[in-house]
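Subject: Handover of a structure and notes on what it contains

Dear colleague,

Please find below the structure that I am handing over to you.

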Amino acid sequence: MKRRDFLKNTMVVIAGASVPLSALEFIDPKEVLAANPQLHWAFLINTYTCVGCGFCVKACKTENDVPFDANVSRTWVERYVYTKDDRRYIDSPKAALYGFTEAKIDLGEHLGFKDIDPENVGKAFFVPKLCNQCETPACTQVCPVGATYKTDDGVVLVDRSWCIGCGYCVMACPFGARYFHPVYNVVDKCTFCYHRITKGLETACVNACPFGARKMCNIRDINDPITQIILNERVGVLKDEFGTNPQAFYIGLASEVR
Amino acid sequence: MKSHVWRPLYVVIGIVAAILLFREFYVPDNFGSGEYGFMYSFHNKDNEEVWKNQPLMYRDTGKQKMHEYCAECHGDVVDVRTEDLHGIIPCENCHGPALDHPNDPELLVIIRDRDQCLRCHTLLPYTTSERKRIPGIDPTEHNVDEACVDCHDPHNPRLEDM
């Protein structure tokens, strides 16, 4: 072998060996699309525009057949009050079903109400909450009977005919979004109004909000105006450290909001 | 290796095979997992349809569309509402869910309670909240026993037009 041929062959072999196997694989666009469906629901909440009217909670309870009087709700609104003497008060009386019609803070069942001097209020705001429809939900992992699951379009649902009501998922949810339904005796949770969004309608809460504090979008569609807000503006999620990848994004989060 | 090592292994393999076989027959056919795999989405596929077919209540979608639908019959009322004030409130928030109205429900139940107005118009001392832009009253002092609608027009709440 001539020296020239030896060098030439060496180059060819090295070049050939450096091509990874995956580069030669034929990519079927259909397969790629199937692996990444073009629909994935996400929620955007603007805490700046929420005034705590509670119309969303009422609409949710009406639409989804959640008992009005029972102290359970798929969605709720929290009030955060920071006083000038550096105390923080958080409450959500009746899940804000009737809004916040008193300045008094509901401390809980046995603690009664707390009057706060208006002069002492530093800042205050309202935060709507609902199921975050996490990308890797803790609640569906712990279900022992396969009754709760994530759909391909990213919504976590509960199969009422399979749920045995053990409550593992209620405990596993870091956000307290699940509760025990007093009528059906199974676990219930926000479904992003699955019966509405799959028909092209808005969820009941988005629909009822007069201030546009709640919005929904398809996060896989980058032309969606709400997706653009999530992509381009400063949004946060609750309890990121739990690693569940929540799909409800918040504008104007404070560290006290968890 | 001697057979006394292998024998328990055959037993274990046999048990695993038996469980897999039992599972094959016992798990209903409509069970499966989707994009999120066995860990997050092993479920009865038929249940997705159950949730999709829940009954609808509210009309939707978006305030503008709803107002357009309502205006077909109630145009005079819809015209009155002021876009910057109560025009932002969807009709159904006070008039109730109206999916198949006027067929079912034939008549809507209008909520005229003070509580309905107080959701937004209770005076709360929160100067940093959006709430500060909304005129508020103290419900224990402001015309206590009267209904709000006796004086205020909910469709056009402008005080000058009263």
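The notes below go through the domains, the salt bridges, the contacts between the chains, and some local features.

Please bear in mind throughout that this is a predicted model.

**Domains**

The domain assignment divides chain A into domain 1 (41-132 + 205-251) and domain 2 (138-188). The centres of these two domains of chain A, taken over C-alpha atoms, are separated by 22 Å. Where they touch, domain 1 of chain A contributes 17 residues to the contact and domain 2 of chain A contributes 15 residues.

Chain B is likewise divided, into domain 1 (3-52) and domain 2 (63-161). For chain B, the distance between the domain centres, again over C-alpha atoms, is 55 Å.

One further distance concerns chain A. Ser18(A) belongs to helix H1 (residues 3-18) of chain A and is exposed, with a relative accessible area of 54%. Its C-alpha atom is 43 Å from that of Ala248(A), and 230 residues separate the two along the chain.

Asp188(A) and Arg74(A) meet through their side chains in a salt bridge of 2.9 Å, N to O. Asp188(A) lies in strand E10 of chain A and Arg74(A) in the loop between H4 and E2 of chain A, so this pair ties together parts that are 114 residues apart in sequence. Both partners are buried: Asp188(A) has a relative accessible area of 1%, and Arg74(A) has 1% relative accessibility.

Asp188(A) also forms a salt bridge with Arg160(A), at 3.1 Å, N to O. Arg160(A) is found in the loop between strand E8 (156-158) and helix H6 (168-172) of chain A, so its pairing with Asp188(A) in strand E10 ties together parts that are 28 residues apart in sequence. Arg160(A) is partly exposed, at 21% relative accessibility.

Another salt bridge joins the side chains of Glu78(A) and Lys129(A), at 2.8 Å, N to O. Glu78(A) is in strand E2 of chain A and Lys129(A) in strand E6 (residues 121-129) of chain A, so the pair ties together parts that are 51 residues apart in sequence. Glu78(A) is buried, with a relative accessible area of 11%, and Lys129(A) is buried at 4%.

**Contacts between the chains**

Which residues does Asn47(B) touch, leaving aside its neighbours within four places in sequence? They are Tyr149(A), Val158(A), Asp159(A) and Arg160(A). Asn47(B) lies in helix H3 (residues 46-52) of chain B and counts as buried, at 4% relative accessibility. Its side chain makes a polar contact of 3.1 Å with the side chain of Asp159(A) and a polar contact of 2.7 Å with that of Tyr149(A).

Tyr149(A) lies in strand E7 (residues 148-150) of chain A and is buried, with a relative accessible area of 0%. Beyond its neighbours within four places in sequence, its contacts include Thr140(A) and Val155(A), together with Phe42(B), His43(B) and Trp51(B).

A helix of chain B also meets chain A. The buried residues of helix H6 (residues 114-121) of chain B are Arg114(B), Gln116(B), Leu118(B), Arg119(B) and Cys120(B). They pack against helix H4 (55-63) of chain A together with helix H5 (92-95) of chain B.

**Surface and backbone**

On the surface, Val5(B), Trp6(B), Leu9(B), Tyr10(B) and Ile13(B) form a nonpolar patch with about 490 Å² of accessible area together. Leu9(B) lies in helix H1 (residues 3-26) of chain B and is partly exposed, at 39% relative accessible area.

In the backbone, a cis peptide bond joins His101(B) and Pro102(B), with omega about 10°. Pro102(B) is in the loop between H5 and H6 of chain B.

Asp65(A), in the loop between H4 and strand E2 (76-83) of chain A, is partly exposed at 45%. Cys193(A), in the loop between strand E10 (187-188) and helix H7 (194-197) of chain A, is buried at 5%.

Yours sincerely

Technical notes: Residues numbered from 1 in each chain as written. Chains lettered and ligands numbered in written order. Predicted model: local features only at pLDDT ≥ 70, side-chain atom pairs only at ≥ 80, totals over all residues. Heavy atoms only, no water. Patch = residues over 30% accessible without salt bridge, like charges linked within 9 Å, V, L, I, M, F, W, Y side chains within 5 Å. Areas by Shrake-Rupley, 256 points an atom, 1.4 Å probe, with all protein chains shown as cover. Salt bridge = Lys/Arg side-chain N within 4 Å of Asp/Glu carboxyl O. Helix = DSSP H or I, 4+ residues; strand = E, 2+ residues; numbered from the N terminus. Buried < 20%, exposed > 50% of the residue type's maximum accessible area, 1.4 Å probe, protein only. Domains from an automatic or database assignment. Polar contact = N/O pair within 3.5 Å; in protein donor to acceptor, adjacent residues only side chain to side chain. Contact = heavy atoms within 4.5 Å.
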